[in-house]
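Dear colleague,

Please find below the structure that I am handing over to you. My notes on what was found in it follow directly after.

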Amino acid sequence: MEEEQQAPPLTEAEPVLAQIEEVPVLAVRDTVIFPGALLPITIGRPSSVALVQSLGENRTLAVVAQLDPRVDAPGPEDMYEVGTICVMHKAIRVPKDNLLLFCEGVSRIRTRGYTGEDPFLRARVERIPDTEPAVTPEIEALRQNVISLFQQIVTNTPNLSDDLSQTASQIVEAGRLADFVAGNVPSLIASERQRLLEILDGHTRLIEVHRHLTRELELLELRGRIQSQVQGQLSQSQREFYLREQLKAIQKELGEGDDGVRDADDLRQKLEAAGLPEEVKTEAMRELNRLSKMPSASPEYGVTRTYLEWLGNLPWSISSGAKVDVKRAAEILDEDHYDLEKVKNRILDYLAVLQLRPVLKGPILCFVGPPGVGKTSLGRSIARALGRKFARISMGGMHDEAEIRGHRRTYIGALPGQIIQALRRAGANDPVFMLDEVDKLGRDFRGDPASALLEVLDPEQNVSFRDNYLDVPFDLSKVLFITTANVLDPIPDALRDRMEVIPLEGYTEQEKVIIAFRYLVPKQTRENGLDGEAQIQFTDDAVRFIVRRYTREAGVRNLEREIGTICRKQARRIAEGNTERIEITREVVEKDLGGPRFRTDTEVAERTRRPGVAVGLAWTPVGGDVLFIEAGRMPGGNKGLIMTGQLGPVMQESVQAALTWVRGSATKYGIDPDLFKTSDIHIHVPAGAIPKDGPSAGITMASALLSMLTDRCVRPALAMTGEITLTGQVLPVGGIKEKVLAAKRSGVRELILPHENEVNVREDLKSEQIGDVKVHYVKLMEEVVELALEK
């Protein structure tokens with residue numbers, strides 16, 4: 001580690017070095033002392049103060065720079081290898097218990113090992129004598145160039161004394177001149193000074209200093225040009241100011257009035273009509289009085305005027321004012337969305353209470369479900385049912401807290417946050433406000449938007465929401481906030497606690513068909529310029545074929561895309577001259593969409609025809625899916641258990657628990673216990689490119705292993721889910737509705753579920769969603785074996 005952090009090797013071979021001596025080492029930050037330089041150093045670390053106090057008559061110490069100035073207690077590994085041996089002439093106590101040292105550099109040194117670290121650093125060092133080159137015409141020319149450049153820099157730098165130029169011109173030696181100039185050029189950073197300190201050859205060091213001086217002089221000239229341009233711009237601004245003042249005087253003589261006065265009057269009328277609360281009105285009038293006394297050319301004039309326009313345009317007292325009609329609202333919700341009874345009932349309950357008690361704080365609802373199930377469109381329907389304005393902002397990828405609370409007016413281009421901006425666009429203080437994709441909020445050094453939302457989504461706090469730009473309270477308690485998310489896990493617990501979570505699970509095949517005929521087909525025929533059934537008609541069989549073989553999703557987004565593709569194909573046929581009405585059948589679907597993309601309903605039965613294959617169920621953010629678990633055995637015994645298919649750590653533990661149970665029950669099921677010693681067992685979950693994890697495949701793993709070892713096939717069209725323990729108990733799992741719907745989509749006819757999940761099936765699933773699927777509830781793995789494996 002020390003070899004990686006030490007300084008780069010010296011530029012040339014080292015000369016013969018003096019005898020090694022032991023001295024205390026003073027570690028300094030961003031400071032390099034050159035030989036011959038007298039430099040003040042302020043110290044305050046206890047170790048540095050102890051070092052100074054330990055010096056006796058011999059006031060010699062080594063001054064060595066730190067590799068990283070941020071280290072508070074540097075050790076040997078934190079120091080450069082090359083430093084300077086110095087003599088401390090004076091130490092003066094300064095405020096805050098610090099010491100000001102006046103140290104004069106004597107010679108370069110190289111540390112040869114540290115002998116102590118407490119109470120301060122001590123090291124064995126070698127003095128490195130400088131190598132001064134013989135004076136040649138080339139070196140003399142270089143010396144004069146360096147002196148000339150240094151004199152120009154001193155002339156153009158106010159804080160450098162003119163005596164430095166005279167002193168530099170009297171130095172003959174190349175190395176001494178390089179050290180003197182390097183120690184007095186303020187633009188050199190510590191790392192550049194350290195590099196110059198490590199160059200021993202005077203000629204090489206002077207060349208490097210010449211390069212730095214050339215760069216510094218170019219920067220000084222550039223700064224001078226910029227300063228001249230700025231002064232010219234200021235002169236132009238002053239000229240414009242005087243012209244504006246003259247124009248005002250002329251307008252006043254002509255009786256045309258002052259724009260500033262007219263602006264103030266217009267803003268006063270707007271603020272009076274806005275219905276501001278008393279606290280807000282007081283602040284607005286104070287800012288308006290400031291504006292009226294401010295010249296219109298002032299930079300603050302535009303900022304203050306924009307602020308007052310925002311205050312005047314916000315809907316402080318404007319409400320939608322629609323009369324609550326519960327029956328009409330129910331009709332609108334049923335008209336716009338099929339099913340979703342739980343959500344509709346919650347909205348109608350809210351409306352009923354609002355009808356009885358008009359002053360009611362809005363609930364904070366959170367719709368959670370896979371993509372395409374209608375979360376965002378449901379928010380629009382709720383606004384229509386309530387007779388309110390609808391506002392929406394997308395939270396996906398938002399990582400700046402100012403997007404919620406706004407920027408302070410001290411920043412150029414400051415604006416209120418998205419909440420206030422959306423209310424201004426809505427034009428009412430009680431809209432239905434949708435915060436989309438709240439589970440995809442980001443966070444970084446600019447703040448945490450999720451924490452900023454805590455105030456917005458808390459009915460007890462949002463009555464006085466204070467945007468950073470407005471800096472006055474705004475009442476958000478009348479707003480009906482609705483958030484949407486695909487999953488709840490990324491949402492912080494404190495934010496989730498403020499929301500009423502309403503899950504929106506996926507649709508069954510029958511529900512998708514109904515939604516397609518009620519909403520998707522009419523919408524796509526209209527958007528693609530078709531005259532409804534006069535030019536295109538979808539059959540029930542064709543829509544079911546699209547659902548089964550071209551889409552595999554919880555929502556209906558891909559189904560709408562496929563229907564839209566078929567409508568565009570028909571529009572093209574009509575544009576090409578074929579105006580006949582077309583009936584969409586399976587054959588037309590395959591012609592327009594290509595071959596089917598997903599497996600048939602009989603794949604589950606086909607895959608389980610051989611021993612060692614079982615069907616499990618998985619939950620995903622976009623709905624449920626089926627998993628095929630395959631188990632195999634081969635002679636060997638050296639590798640033991642092999643697991644493939646990108647299994648996560650939890651699923652790997654489920655495999656091990658399942659194998660342990662199978663080995664423990666080997667005798668009961670007629671399996672030779674010695675078989676495990678002479679065989680390797682392989683568990684594979686196909687679709688290896690997709691990561692998989694979770695505990696719910698435990699009983700499926702055990703069934704696949706037992707099927708393979710007993711040569712008994714798993715019954716066709718049967719799937720299962722549940723966690724297994726080492727004692728063979730079957731524990732409950734989550735995502736039951738999504739898993740059951742996925743099993744039904746895949747053609748499963750029998751399901752094995754944990755006994756404790758029976759309540760989820762009874763409450764979350766309707767009878768038509770389960771259909772003809774037979775569900776078995778089990779408590780022990782022995783029951784699973786009895787149901788799953790063929791006799």
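The largest cavity is lined by E509, V547, R548, R552 and R745. By class, that lining comprises four charged residues and one nonpolar residue, with no polar residue among them. The space inside the largest cavity comes to about 40 Å³, and the structure holds one cavity of 30 Å³ or more. Please bear in mind throughout that this is a predicted model.

Overall dimensions and composition

The protein has 791 residues, of which 47% are buried. Its secondary structure amounts to 28 helices and 24 strands. The radius of gyration is 40 Å, whereas a compact globule of 791 residues would have a value near 28 Å. Along the principal axes, the C-alpha trace extends over about 105 × 105 × 60 Å.

One pair of residues illustrates a separation within these dimensions. V748 and S165 are 583 residues apart in sequence, and their C-alpha atoms lie 93 Å apart in space. V748 belongs to the loop between helix 25 (736-745) and strand 23 (750-754). Is V748 buried or exposed? Its relative accessibility is 0%, so V748 counts as buried.

Helix 3

Helix 3 covers residues 137-156, which is 20 residues. At 1.5 Å a residue, a helix of that length should span 28 Å; the C-alpha atoms at its ends are 29 Å apart, and the two values therefore agree. The buried residues in helix 3 are I139, L142, R143, V146, I147, L149, F150, I153 and V154. An α-helix has 3.6 residues a turn, so residues three or four places apart point the same way. The buried set may be read with that in mind, and it includes I139, L142, V146, F150 and I153.

Strand 5 and the loops on either side

R110 lies in strand 5, which runs over residues 98-116. R110 counts as buried because its relative accessibility is 4%, under the 20% cut-off. The side chain of R110 makes a polar contact of 3.3 Å with the side chain of E81.

The loop between strand 4 (82-94) and strand 5 contains K96, and D97 lies in that loop as well. K96 has a relative accessible area of 78% and is therefore exposed. Where K96 is concerned, there is also a separation to report: its C-alpha atom is 8.2 Å from that of G44, although the two residues are 52 residues apart along the chain. D97 counts as exposed too, at 61% relative accessibility.

The loop between strand 5 and strand 6 (121-128) holds P119. The peptide bond from D118 to P119 is cis, with omega near 5°.

Backbone geometry

Most residues other than glycine have a negative phi, and most peptide bonds are trans. Against that background, the bond from D118 to P119 deserves a look, being cis. Which phi value does D97 have? The phi of D97 is near 60°, a positive value in a residue that is not a glycine. D30 likewise has a positive phi, of about 50°, and is not a glycine. D30 is located in the loop between strand 1 (21-28) and strand 2 (38-43). With a relative accessibility of 54%, D30 counts as exposed, because the cut-off is over 50%.

A contact across the sequence

G636 sits in the loop between strand 17 (623-635) and strand 18 (641-644). What separates the C-alpha atoms of G636 and S679? The distance is 4.8 Å, while the two residues are 43 residues apart along the chain. G636 counts as partly exposed, with a relative accessibility of 41%.

With kind regards

Technical notes:
Residues numbered from 1 in each chain as written. Predicted model: local features only at pLDDT ≥ 70, side-chain atom pairs only at ≥ 80, totals over all residues. Heavy atoms only, no water. 1 Å grid on protein atoms, 1.4 Å probe; cavity = no way out; pocket = protein on both sides within 12 Å on 5 of 7 lines; lining within 4 Å. Points joined across faces, edges and corners; volume = space filled by probe spheres on them. Nonpolar A, V, L, I, M, F, W, Y, C, P; charged D, E, K, R; others polar. Helix = DSSP H or I, 4+ residues; strand = E, 2+ residues; numbered from the N terminus. Expected span 1.5 Å × (residues − 1). Buried < 20%, exposed > 50% of the residue type's maximum accessible area, 1.4 Å probe, protein only. Polar contact = N/O pair within 3.5 Å; in protein donor to acceptor, adjacent residues only side chain to side chain. Rg over C-alpha atoms; globule rule 2.2 N^0.38 Å.
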